[in-house]
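Subject: Structure handover

Hello,

Here is the structure I promised to pass on. Please open it alongside this note; my findings follow below.

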Amino acid sequence: SRPARGSSGKMAAPMRGGSPGPEPGAAPYGNFPNYSRFHPPECRVSLLPQGLLRSLFPAAARPLLGLDVGCNSGELSVALYRHLLGLQDSKSSPEPPGAGKELILLCCDIDPELIQRARQSSPFPASISFASLDIMDSRAREPLLSSHLERFGRSGFDIGFCMSVTMWIHLNHGDRGLLEFLAFLASLCTFLLVEPQPWKCYRAAARRLRRLGRNDFDHFRSLRINGDMAERITQILTQECAMELVCSFGSTSWDRSLLLFKSTGANPEGAD
């Protein structure tokens with residue numbers, strides 16, 4: 001999928017191919033320019049039950065705040081928003097599955113070009129905002145996320161989305177980076193929906209880089225967190241990040257699990 005960044009402490013500019021349609025391996029942070037064409041958003045959102053927000057937040061009267069990390073050019077973010085609020089493709093009003101719920105979604109990605117495209121094509125600019133952000137740069141993320149939360153008088157997000165992002169964080173930042181990333185999201189979100197890439201995707205990403213004659217990912221050969229990544233990430237979140245696995249919504253056609261976690265110390269309404 002979607003974001004990540006370089007292995008140094010500095011912001012790393014995403015690499016682009018010279019041609020109009022760059023080879024997918026030219027996106028070492030998952031910032032593929034046409035991602036939704038080969039992993040359609042509908043294949044993910046169709047796994048999520050209708051009325052999910054209503055079941056997670058049955059009595060929430062205020063707007064729910066969502067954070068989508070690694071949003072790419074926003075197609076999946078918009079699809080999630082539509083599905084969670086029960087909206088059809090037309091600009092209709094919410095249908096019963098999302099009745100009474102309002103969702104404010106902040107979406108971020110490391111690639112400013114993809115963010116610009118997302119802003120230009122968003123059908124819900126009042127409810128979905130897009131920001132260019134390296135989520136692993138604490139100096140950049142803290143002011144952005146804090147200012148957004150302060151606008152709503154909140155200290156955290158009701159629900160976070162981490163869709164095919166964990167591998168790119170892991171490859172570019174190593175085991176320690178993955179642990180830091182998951183702990184950060186767990187500390188910030190009452191619920192967290194994660195779609196981890198399986199280990200075979202790590203090998204495929206490394207092969208793509210090598211085919212382009214580029215250096216391997218700095219951490220690929222030294223990763224100790226490996227194997228069944230859905231299981232490993234579940235263990236990290238439940239054993240080290242004070243979250244519990246609420247539900248597994250099954251797997252996409254490309255063999256990625258959709259896992260929903262909840263903070264064990266959180267009020268189910270996401271109240272502070």
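First, a term for the sheet: two strands pair if DSSP finds at least two bridges between them. Helices (H or I, at least four residues) and strands (E, at least two) are themselves DSSP runs, numbered from the N terminus.

Some ground rules. This is a predicted model, in which local features need pLDDT of at least 70 and side-chain atom pairs count only at pLDDT 80 or more, while totals for chains, interfaces and linings use all residues. Residues are numbered from 1 along each chain as its sequence is written, and side-chain values use heavy atoms, with hydrogens and water left out.

**Overview**

The protein chain has 9 helices and 7 strands. Of its 272 residues, 56% are buried. Buried means under 20% relative accessible area, exposed means over 50%, and partly exposed is in between (1.4 Å probe, protein chains only). Contact means heavy atoms within 4.5 Å. Among contacts in the protein chain with a separation of 6 or more, 74% come from residues 24 or more positions apart.

**The sheet**

The 7 strands form an open sheet with mixed pairing, in the order β3-β2-β1-β4-β5-β7-β6. Its edge strands are β3 (128–132) and β6 (243–251), and each pairs on one side only. On average, neighbouring strands of this sheet are turned by 20 degrees against each other, direction ignored.

As a reminder, strands of a sheet pair through backbone hydrogen bonds, either parallel or antiparallel.

Start with β4 (residues 157–163). All 7 of its 7 residues are buried, so the strand is largely enclosed by the rest of the structure. Strand β1 (residues 64–69) runs parallel to β4, joined by 3 bridges. Here Leu67 has Gly160 in β4 as its bridge partner. β4 also pairs with β5 (residues 189–195), again in the parallel sense, over 6 bridges. In that pairing Phe157 stands opposite Cys189 in β5.

β4, α7 and β5 make a right-handed β-α-β unit. A crossover is right-handed if, with the strands pointing away from the viewer, the path from the first strand over the helix to the second runs clockwise.

Now to β2 (residues 103–109). It runs parallel to β3, and 5 bridges join the two. Asp109 stands opposite Ser132 in β3. Helix α4 (residues 75–85) lies across β1, β2, β3 and β4, and runs at about 165 degrees to β2. For such angles, axes are lines fitted to C-alpha atoms, for helices over the stretch in contact, and angles run from 0 to 180 degrees between N-to-C directions.

**Aromatic pairs**

The structure holds 5 aromatic pairs. Rings of Phe, Tyr and Trp (its six-membered ring) pair if their centres lie within 6.5 Å; planes under 30 degrees apart count as stacked, over 60 as edge-to-face and the rest as tilted.

Take Tyr81 and Phe124. Their ring centres are 4.8 Å apart and their planes are at 45 degrees, so the pair is tilted. Tyr81 lies in helix α4 and Phe124 in the loop between α5 (112–121) and β3, so the pair ties together parts that are 43 residues apart in sequence. Tyr81 is buried, at 6% relative accessible area. Phe124 is buried too, at 17%.

Trp199 and Tyr202 form a stacked pair, 4.4 Å centre to centre with 25 degrees between the planes. Both lie in helix α8, 3 residues apart, about one turn of the helix. Trp199 is buried at 16% relative accessible area, and Tyr202 is buried at 0%. Trp199, Tyr202 and Phe220 form one aromatic cluster.

**Helix α8**

After α8 comes Gly213, with a positive phi near 75 degrees.

**A buried arginine**

Arg141 is found in helix α6 (residues 138–151). Arg141 is buried, with 6% relative accessible area. Not counting residues up to four places away in sequence, Arg141 touches Leu133, Ile135, Met136, Ser146, Glu180 and Phe184.

Best wishes
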